[in-house]
Amino acid sequence: MKRWREAECKRVHDPFYAGDGRKVAVNPVEIDGKCIRVLGPIIVGGGPSGLAVAACLKKKGIPCVVLERANCVASLWQLKAYDRLRLHLPKKFCQLPLMPFPSWFPTYPTKQQFVAYLEAYAREFGIRPRFDEAVVAAEYDAVVGFWRVKTAVVNQGREEGGREYMCRWLVVATGENAEAVVPGFDGAGDFKRPILHTSLYKSGDAFRGKRVLVVGCGNSGMEVCLDLCHHGAHPTIVVRDSVHILPREMLCRSTFGLSMWLLRWLPVRAVDRLLLLAARLLLGDTAKLGLPRPQLGPLELKLRSGKTPVLDVGTLEKIKSGAIKVVHHPTTTRTGCIVFILLTLVLTVRPAIKKLMEHGAEFTDGRSEGFDAVVLATGYKSNVPYWLKVRHHPSDAHRETGACCHCSDSTLPSVGQEQEFFSEKDGLPRRAFPHGWKGERGLYAIGFTKRGLMGASLDATRIAEDIERCWKAEVKTTMAFACPPTRQAQE
């Protein structure tokens with residue numbers, strides 16, 4: 001085993017070595033039938049973030065391999081998004097590097113239009129992910145100075161067999177929304193009706209005439225309730241916390257675009273005060289509707305916690321117009337108890353869910369209500385801690401020799417002081433934006449900024465430029481050793 005690893009180490013450090021003495025350019029190469037060596041980076045995830053960094057690398061002539069566990073690009077959008085979904089921000093803030101949206105797309109493209117854009121993006125840059133291949137483990141091998149990435153082939157939802165890859169650079173592009181968050185409820189096993197996450201929800205047509213309990217009041221929860229209402233269902237939404245609701249547009253401009261413009265001249269808190277003043281004028285006092293606002297302003301809250309304000313697409317207008325009657329509960333406070341919005345008739349405030357029962361839910365005040373289905377709009381989380389293994393390597397000889405530039409970056413902490421790049425708690429980079437895109441030993445992260453597609457595009461550009469510097473340095477070193485000196489040089 002020792003001998004094999006020594007030989008392997010010599011081979012993998014030559015980016016042009018094919019395994020049989022030949023010099024090749026870009027294709028992955030199998031080593032001794034045990035693993036596949038990738039000359040460029042491995043990108044884990046074929047969503048918008050993974051496609052963006054792959055395109056930037058391709059533009060610079062750097063080969064890469066994209067591993068995607070689903071059978072398509074942007075699987076979250078194609079397989080797990082409800083039909084009425086649109087981009088919440090204008091398209092100019094959501095386009096990926098090097099290729100804008102078509103001019104004829106609307107300001108807020110639909111789900112179908114965005115998927116078509118991503119598929120065209122992959123074709124434009126020749127990105128061909130390895131589909132149905134889920135990464136189950138990735139760990140840095142200090143002996144050879146490479147990442148070892150183990151995968152499993154996904155067959156009808158089951159993981160079978162798999163491969164092992166070796167690469168110098170590993171780009172984690174699985175993002176913040178890799179796995180659905182499914183909270184537990186007492187009595188969930190007794191509830192005889194469907195319980196589904198919004199990742200499985202497509203349209204309210206399947207719930208026509210039914211009483212549906214929607215848990216969560218983010219953008220998804222509000223839109224799902226509106227969709228259920230439009231399809232003749234009777235939704236009730238549970239708001240588990242205070243929430244900022246802003247109009248999608250102000251002064252004939254998108255609220256997001258206006259905020260970005262104001263931030264060029266004013267501090268965050270000043271912009272927050274202006275946004276809340278405009279929201280009060282356009283939407284009224286949402287606290288009177290049973291929707292208290294948090295103490296922090298919408299932008300400051302977003303920066304501190306990543307919590308995104310809800311952009312109203314019509315729900316509040318229905319309530320204020322009288323089509324939805326509102327009944328206030330006397331215990332409503334700014335600190336926020338559990339709020340229920342019955343979109344077909346009334347808005348009432350009740351305490352939290354105590355448990356689910358066979359045909360409904362019981363609340364902590366002892367009252368019960370019947371429901372035909374429960375939809376969980378409880379969001380998503382990162383899955384990085386389940387498969388990425390980052391360990392301390394104080395005696396990492398590869399780093400000490402300064403074999404490649406990404407291992408000797410003076411802006412990074414020394415090995416002895418190194419902390420894990422990703423948090424085990426939430427699976428996000430420990431360093432805050434804009435410093436969370438680069439780790440050590442060729443590890444990168446994209447899609448974890450909590451700043452949407454615009455943040456991913458910024459990180460894609462940074463990652464590609466950083467890898468290009470390392471790539472050029474290694475090619476230059478390799479060619480210097482590979483080419484014999486000329487007679488003039490010898491003299």
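pLDDT is the predictor's confidence in each residue, on a scale from 0 to 100. The structure is a predicted model, in which local features need pLDDT of at least 70 and side-chain atom pairs count only at pLDDT 80 or more, while totals for chains, interfaces and linings use all residues. Residues are numbered from 1 along each chain as its sequence is written, and side-chain values use heavy atoms, with hydrogens and water left out.

**Confidence**

The protein has a mean pLDDT of 79, and 76% of its residues reach 70 or more. Helices (H or I, at least four residues) and strands (E, at least two) are DSSP runs, numbered from the N terminus. Confidence is highest in strand β3 (residues 42-44), with a mean of 97, and lowest in helix α11 (residues 397-400), with a mean of 39.

| Stretch | pLDDT | Contacts beyond four places in sequence |
|---|---|---|
| Residues 322-351 | under 50 | 86 contacts |
| Residues 487-491 | under 50 | 1 contact |

**The parallel sheet**

Strands of a sheet pair through backbone hydrogen bonds, either parallel or antiparallel. Here, 4 strands form an open sheet in the order β4-β3-β9-β26, with parallel pairing. Its edge strands, β4 (65-67) and β26 (443-445), each pair on one side only. Neighbouring strands of this sheet are turned against each other by 20° on average, direction ignored. Two strands count as paired if DSSP finds at least two bridges between them; β9 (residues 170-172) and β26 are joined in the parallel sense over 3 bridges. Within this region, Val171 stands opposite Tyr444 in β26.

Helix α2 (residues 48-59) lies across β3, β4 and β9 and runs at about 160° to β3. Axes are lines fitted to C-alpha atoms, for helices over the stretch in contact, and angles run from 0 to 180 degrees between N-to-C directions.

Helix α4 (residues 111-124) has 14 residues and spans 20 Å from its first C-alpha to its last, close to the 20 Å expected at 1.5 Å a residue. Its buried residues (under 20% relative accessible area, 1.4 Å probe, protein chains only) include Phe114, Val115, Leu118 and Tyr121.

Helix α6 (residues 255-263) packs against helix α7 (residues 268-283) at an angle of about 145°, with the axes 9 Å apart. Thr255, Ser259, Leu262 and Leu263 of α6 make this contact with Val268, Val271, Leu274 and Leu275 of α7.

Technical notes:
Contact means heavy atoms within 4.5 Å. The expected span of a helix is 1.5 Å times one less than its number of residues. Buried means under 20% relative accessible area, exposed over 50%, partly exposed in between (1.4 Å probe, protein chains only).
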